[in-house]
Amino acid sequence: MDAQLQSAIDELASRATIVVATDFDGVLSPLVEDPMAARPLPGTVEALRALASMPRTTVAAVSGRDLETLGALTGLVDLPDDERVVLVGSHGAQTSRPEAGVHALSDAQTMALRALDAALTAIVEAHPGTRIERKPAAVVLHTRGVEQSVADSATADTVAMASQHSKAHVMPGKCVVELSVVDSDKGSALVDLAAWCGADAVYYAGDDVTDERAFARLGDADLTLKVGEGDTVARHRVTSPQEAAEVLEALVEARARHTA
């Protein structure tokens, strides 16, 4: 870990009230071909729970996964109150915070979701190997592991189809295209979470283009970490989920010193 990143960790850990948040796929877990086979790296869940147990420290796992799947894959459910981790799913459209409430889709959104589902199902059927994932407010095209020409064609057809639906919010990612009927993003979710707990600073680690909205929304006092290659507005970078896990461990140590 370079000295600049270590200094940023120490500065964040010294703040009175902080949020520590991380993406799941590509950060807590290495990317895998079968999305349901993803698992957190050893020690990462323990690090999040340790941070959550510290004073004035709110911890969150933030993902494009739906809330139920995120909870099942991370195991961050039914935790003791003093180790509770907030789960933010579907790019911010869902949260485990009970006071945030549950927002049901309107009739118009429900109809739009059904139309998107039918259209994307037809695209998947026309592109062997591609897959569809269904969420409470979105449908997702998955192309990981598919021949590149097929993946490119399915992606192009999906984006073109979505352009014909006024209520579709398109979120491209690594080997995915999500079509949501709810306008949400990780950046807005993190800003809302920070306001909810009165945080002075936020740590956020992400690897995908969908995380760039979060990096862009956070300020000079925050620590943003890009995991892997690609253009980014994050202030710091590591090369792999394994290095991101080391950053979490460093945060645990630094925060423990400052809250002792």
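A disulfide is a pair of cysteine sulfur atoms within 2.5 Å. The structure holds 0 disulfides. Select Cys 175 and Cys 197 to begin. Buried means under 20% relative accessible area, exposed means over 50%, and partly exposed lies in between, with a 1.4 Å probe and protein chains only. Cys 175 has 33% relative accessibility and so counts as partly exposed. Cys 197, with a relative accessible area of 23%, is partly exposed as well.

This is a predicted model, in which local features need pLDDT of at least 70 and side-chain atom pairs count only at pLDDT 80 or more, while totals for chains, interfaces and linings use all residues. Residues are numbered from 1 along each chain as its sequence is written, and side-chain values use heavy atoms, with hydrogens and water left out.

**Stop 1: the sheet**

Switch to a cartoon view. Helices (H or I, at least four residues) and strands (E, at least two) are DSSP runs, numbered from the N terminus. Two strands pair if DSSP finds at least two bridges between them. In general, strands of a sheet pair through backbone hydrogen bonds, either parallel or antiparallel.

Here 7 strands form an open sheet with mixed pairing, in the order S4-S3-S2-S1-S9-S10-S11. Strand S4 (94-95) and strand S11 (236-238) are at the edges, and each has a single partner strand, so one side of each has no neighbour in the sheet.

**Stop 2: strand S9**

Select 201-206, which is strand S9. How many of the residues of S9 are buried? The count is 6 of the 6, so S9 is largely enclosed by the rest of the structure. Ala 201, Tyr 203 and Ala 205 point one way, and Val 202, Tyr 204 and Gly 206 point the other way.

S1 and S9 run parallel and are joined by 5 bridges; Val 20 stands opposite Tyr 203. On S10, 4 bridges join the strand to S9, again in parallel, and Thr 224 is the bridge partner of Tyr 204. Continue to S11, which runs parallel to S10 and is joined to it by 3 bridges. There, Val 238 is the bridge partner of Val 227.

Show helix H7 (residues 212-217) too: S9, H7 and S10 make a right-handed β-α-β unit. A crossover is right-handed if, with the strands pointing away from the viewer, the path from the first strand over the helix to the second runs clockwise.

**Stop 3: the other end of the sheet**

Select strand S3 (86-89). Val 86 and Val 88 point one way from S3, Leu 87 and Gly 89 point the other way, and all are buried. S2 and S3 run parallel, joined by 3 bridges, with Leu 87 as the bridge partner of Ala 61. The chain crosses from S2 through H3 to S3, and this β-α-β crossover is right-handed.

S3 pairs with S4 in the antiparallel sense over 2 bridges, and Thr 95 in S4 is the bridge partner of Val 88. The two strands form a hairpin with 4 residues between them, and Ser 90 in the turn has a positive phi of about 55°.

Next select Asp 78, in the loop between H3 and S3. Is Asp 78 buried or exposed? Asp 78 has 80% relative accessibility and so counts as exposed. The C-alpha atoms of Asp 78 and Ser 90 are separated by 20 Å.

**Stop 4: the core**

A nonpolar core is a set of buried Ala, Val, Leu, Ile, Met, Phe, Trp, Tyr and Cys residues joined through side-chain atoms within 4.5 Å. In soluble globular proteins, nonpolar side chains tend to be buried together. The largest nonpolar core here has 39 residues, and Tyr 203 and Leu 248 have the most contacts inside it. Among the elements that each supply at least two residues of this core are helix H1 (3-13), strand S1 (18-23) and helix H8 (241-259). H8 gives the largest share, 7 residues.

Select Leu 248. Contact means heavy atoms within 4.5 Å. Leaving aside neighbours within four places in sequence, Leu 248 is in contact with residues including Val 20, Thr 44 and Tyr 203. Thr 44 lies in helix H2 and, at 2% relative accessibility, counts as buried.

**Stop 5: His 142**

Finish at His 142 in strand S6 (residues 138-142). At 14% relative accessibility, His 142 counts as buried. Not counting residues up to four places away in sequence, His 142 touches Pro 35, Thr 130, Arg 131, Glu 133, Cys 175 and Val 176.
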